[in-house]
Amino acid sequence: MKTDPDNKAKSRAVLTPRGADRARLGHLWIYRSDVAKVELASSGDVVRVDDRRGKFVAWAHYGAESEIALRLLSFSEAPIDLDFWRSRLRAASDWRKQIVREAESYRLVHAEGDLLPGLIIDRYLDIFVIQTLTRGMDALKSVWVELLVEAFSPRLIIERNDVKVRSLEGLSQSSGIIYPVEQAGSSSSVEIEVMENGLRFAVDPIGGQKTGAFLDQRENRAAAMQYARGRGLDCFTFHGSFAVHLARGCDRVTAIDVSEPAIERARRTAALNGLGNIDFMTGNVFDELHRFDIEGAQFDTIVLDPPAFAKNRRAVEAALRGYKEINLRGLKLLTPGGILVTCSCSYHINEEMFVATIIEAARDAHRQVQIVERRTQSRDHPVLLTVPETCYLKCLILRVI
């Protein structure tokens with residue numbers, strides 16, 4: 001990592017006027033087309049960023065392979081050194097101490113949301129899972145291990161750098177234990193139990209989805225539990241996270257997922273919590289909702305938490321059709337006064353588009369609907385106002401009247 005205590009870094013990037021304007025408006029991403037030149041910098045370096053007049057704009061990580069050539073780190077001329085990274089980690093940790101309740105697993109660092117572009121750190125009790133998604137953060141992997149050991153004395157630190165986005169930075173994929181040294185390189189399963197909202201969950205930080213669990217829905221699952229009553233339906237249940245929350249308030253819950261291994265894991269989750277009022281089904285949610293509609297089935301509480309339907313802008317139109325279809329079916333299946341918890345984790349579908357789709361679905365279902373709550377990702381996944389990409393999860397709690 002290059003630092004310069006005199007703030008006279010030789011590694012430098014010069015922005016176009018458009019790039020300088022973007023940076024000064026607070027966005028942390030500068031695209032290659034907005035960089036006029038780069039001097040004496042290698043990919044992954046911390047570089048000084050100037051405008052064309054030579055005036056300081058920011059410090060940034062430089063990524064030569066990426067369309068996002070610069071990830072801005074600081075708008076202060078103070079140097080980027082070990083104390084800088086330590087202070088950013090401490091600030092992220094202090095915020096989690098304020099807002100994380102009844103959970104032993106949470107996101108400790110949320111990349112741009114915590115002013116640490118390209119870095120994800122999730123905590124599961126005394127196990128920490130790290131993702132270094134950019135050249136700059138990948139070069140600092142050993143620094144983050146050092147700082148985590150210093151601050152938390154973890155039992156294990158695991159890297160989950162097995163995500164496709166790293167290929168956009170020219171980085172290879174890897175996963176496994178990276179601390180302690182004697183266990184480094186091991187990629188065998190590590191299953192632990194964690195508490196969330198009074199419920200127990202078994203997670204595998206090495207082999208599980210994301211870094212072991214879908215932490216961004218933790219607060220939404222707690223909210224859904226408050227409204228749960230009567231007969232419940234959890235669609236796209238995956239490992240049963242919403243289903244077990246619903247089962248605390250519902251008489252009986254039906255949980256559906258297309259993956260048999262996921263359903264088996266969901267059954268284990270229910271058993272772990274001593275819940276016998278959940279019926280798990282392997283099936284296509286679209287097909288099952290259609291079947292329930294034909295059969296005239298009725299539910300009092302429904303959760304729709306599908307995977308991202310729109311992975312890119314080209315998929316938006318098809319994704320909106322999919323969201324309309326499942327929400328139309330869900331609304332038709334609800335009893336008067338019934339609750340629908342409906343979610344979208346597709347960044348390319350913004351809240352306005354999502355709400356408009358729900359309005360269409362409600363009209364076609366001939367239902368009047370109230371918005372009870374507008375929600376987003378859990379607060380340990382903070383949204384930076386100047387980086388709209390940090391806001392991706394939409395969650396509406398609706399009531400049929």
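Select helices H2 and H4: H2 passes H4 in a right-handed crossing (right-handed if the near helix is turned clockwise from the far one by less than a right angle, left-handed if anticlockwise). The contact (heavy atoms within 4.5 Å) is made by Leu82, Trp85, Arg86, Leu89 and Ser93 of H2 and by Val143, Trp144, Glu146, Leu147, Leu148, Glu150 and Phe152 of H4. Sorted by class, that contact has eight nonpolar, one polar and three charged residues. Nonpolar here covers Ala, Val, Leu, Ile, Met, Phe, Trp, Tyr, Cys and Pro, charged covers Asp, Glu, Lys and Arg, and polar covers the others, Gly among them.

This is a predicted model, in which local features need pLDDT of at least 70, side-chain atom pairs count only at pLDDT 80 or more, and totals for chains, interfaces and linings use all residues. Residues are numbered from 1 along each chain as its sequence is written, and side-chain values use heavy atoms, with hydrogens and water left out.

Stay with the pair, H2 being residues 82-99 and H4 residues 141-152: their axes come within 11 Å and cross at roughly 55 degrees. Axes are lines fitted to C-alpha atoms, for helices over the stretch in contact, with angles from 0 to 180 degrees between N-to-C directions. H2 and H4 are therefore oblique to each other (under 35 degrees is roughly parallel, over 145 roughly antiparallel, 65 to 115 roughly perpendicular, and the rest oblique). Helices (H or I, at least four residues) and strands (E, at least two) are DSSP runs numbered from the N terminus.

Next, select strand S8, residues 119-124. Five of its six residues are buried (under 20% relative accessible area, 1.4 Å probe, protein chains only). Five bridges join S8 to antiparallel S7 (residues 105-110), and valine 109 stands opposite isoleucine 121 in S8. Six bridges join S8 to antiparallel S9 (residues 127-132), where glutamine 131 is the bridge partner of isoleucine 120. Two strands pair if DSSP finds at least two bridges between them. In the S8 and S9 hairpin, with two residues between the strands, leucine 125 takes a positive phi near 55 degrees.

Now select the open sheet of seven strands, ordered S16-S15-S14-S17-S18-S20-S19 with mixed pairing. S16 (278-282) and S19 (369-375) stand at the edges, each with a single partner strand, so one side of each is left without a neighbour in the sheet. Neighbouring strands of this sheet are turned by 15 degrees against each other on average, direction ignored.

Finally, select helix H9 (residues 316-333), which lies across S14, S17, S18, S19 and S20 and runs at about 155 degrees to S18.

Conventions:
Buried < 20%, exposed > 50% of the residue type's maximum accessible area, 1.4 Å probe, protein only.
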